[in-house]
Amino acid sequence: MTKNVLAFDLGASSGRGMLARFDGEKITLEEVHRFPHNFSMLNGHAYWNLLHLMDEMKNGLRKSGKDLSGVGFDTWGVDCGFLSREGDLLAMPGSYRDPGLDDANMREALIALHPNGQTGESTIGALEAAVLDGEKYAFGQTGIASLAYNTIYKLYYMKKHMPSILEQTDTILMMPNLIEYLFSGVKHTEYSIASTSQLYNMEQKCWAKPLLDKLQFDPGWFTEVDLAGRDLGTLRTDVAKETKQQDLHIISAPGHDTACAVAAVPAEEEQYTFLSSGTWSLMGISSKTMLTGDNIIRDKISNEGTSDGGYRPTVNIIGLWMQQEIRRNFTAEGREYTFPQLAELAAKEKPLQSFIRPDDFMQPGDYPTKIREYCKQTGQPVPQTDGALVRCILESLALKYKQTYLSLKPYITWEEKLYIVGGGVQNELLNQYTANALGIPVITGASEATAVGNVMAQFKALGCYDTAQQKCDILAASFDTKTYLPQEQEAWQEAYGKFEQLMED
């Protein structure tokens, strides 16, 4: 008997409702509703337009027909919403791209987490030591790398600059769980999205109370944490009436879109190396245990959560955002390209000429000018054409993947190959560059991986399959794979030496 479920997969720039049909052997996906969204700047801060998101998801529910067995939601990580004691939203959820969530704010919070509570000195050396000690403390409490946009640093910023919101707060819900609450009335936190907050102890599987106490965060703000697959009951009566979806059950998917994407990796092996490729790139490994030690902290490896309660030590990397941003720049200048056209232009350019440090290009801006100025300042050939600019971005990203892979390699005890899932699998040029840079085979899976992971969790909860092998069989029957073998190894190894020098400067 065919079962139908709906996945709402919300990225940082667009959302879509994906209808999945399972006939007992394979899944077919249909996009029933896609909508743009982005953060807006208000009073100097970045906020997500939650009302717009809710309206668009209601539209998606109306378009999906009446034979749905479940609906699930996944989003980007770290962002959250604040509810009053009466259950009302106190403010629009802030975006991780808020200007206030900078390194200075994070460093101040880490100094506050210094094991002794204070540095005792104010010299530069003493402050740097305090930051490092605070970072080690935060990692020891959570197993998560310190990144300036993590939830912990958002709350620290709000406690200083927006205290009235926190004073009124009864409950904090991570973004996908906030959406579930607004559709169902049920407050809870799903494990994979909790792991992105840097407030949850991944080893002990509980909120990190000692850390919360140090920063004077109320532990009562946070709900119970459970695994994906929980049936949260039916839609609120008013939402059901508005969308004409009576008796539709909300099934908690892996809340973090990366956890969803990893759940769609077409690996039959129990342990593997993955890259979720999209606006953000996230490279990691499947692991039965947490990774610990100074090298893990230094390399910003986070022991984030999987859909089934395990670990996926992961590194966040700026991804195809850079290509998306430069495409917007070209469009503003009157040159409109599709992404395949950008790849064609890049492929025609001379290889391995100039590189950038991807981490320096996280903010919007005039990318053609920024890239050219960076190349000029670092003594590299300056990209003159649109194709050369795009090639610089893609080759630099592939070399950044190699740097990240090398940080994970000491923990890889299985056959060296990389599984790529997500929208980036459609960028065949980048996939080939990645194989060239890493020097290992690259296997691509579903481009709609986040939606696939979402619906697979729902189908499992509905009893459509049970074992990991059954899941692999369904994925193999439903989605094509492609293998890229490494090429031009000597040239790419030489290029990596130049890239490493840029990263160290």
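First, the ground rules. This is a predicted model, in which local features need pLDDT of at least 70 and side-chain atom pairs count only at pLDDT 80 or more, while totals for chains, interfaces and linings use all residues. Residues are numbered from 1 along each chain as its sequence is written, and side-chain values use heavy atoms, with hydrogens and water left out.

Two strands count as paired if DSSP finds at least two bridges between them.

Start with the open sheet. Its 7 strands come in the order S17-S18-S16-S15-S19-S20-S21, with mixed pairing. The edges are strand S17 (302-305) and strand S21 (482-484); each has a single partner strand, so one side of each is left without a neighbour in the sheet. From one strand to the next the twist averages 30 degrees, with axes being lines fitted to C-alpha atoms and angles running from 0 to 180 degrees between N-to-C directions.

Within that sheet, strand S15 (residues 273-277) and strand S16 (residues 280-285) run antiparallel and are joined by 5 bridges. Leu275 has Met283 in S16 as its bridge partner.

Leaving aside residues up to four places away in sequence, Thr404 touches Met283, Val315 and Ile317; contact here means heavy atoms within 4.5 Å. Is Thr404 buried or exposed? Its relative accessibility is 4%, so Thr404 counts as buried. The cut-offs are under 20% relative accessible area for buried, over 50% for exposed, and partly exposed in between, using a 1.4 Å probe and protein chains only.

The other threonine is Thr434, in helix H16 (residues 428-438). Thr434 counts as buried because its relative accessibility is 0%. Thr434 and Lys402 are 32 residues apart in sequence, and their C-alpha atoms are 7.7 Å apart.

Now strand S7 (residues 80-83). S7 pairs with strand S8 (residues 171-174) in the antiparallel sense, over 4 bridges, and Cys80 has Met174 in S8 as its bridge partner. Both faces of S7 are covered, with Cys80 and Phe82 buried on one side and Gly81 and Leu83 buried on the other.

On a 1 Å grid over the protein atoms alone, a cavity is a set of points where a 1.4 Å probe fits but cannot get out; a pocket is an open set with protein on both sides within 12 Å along at least five of seven lines, and lining residues have an atom within 4 Å of a point.

How many cavities of 30 Å³ or more are there? The count is 1. The largest cavity holds about 150 Å³ and is lined by 15 residues, with Tyr47, Gly94, Lys154, Met158 and Met162 nearest its centre. Strand S5 (45-48) and helix H4 (151-161) each supply at least two residues of that lining.

The second largest pocket holds about 1,100 Å³. Its lining has 39 residues, and those nearest the centre are Asp103, Ser146, Leu147, Lys300 and Asp359. Elements giving two or more residues to this lining include helix H2 (103-112), strand S18 (311-318) and helix H15 (386-408). H3 gives the most, with 5 residues.

Conventions
Grid points are joined across faces, edges and corners, and a volume is the space filled by probe spheres set on the points.
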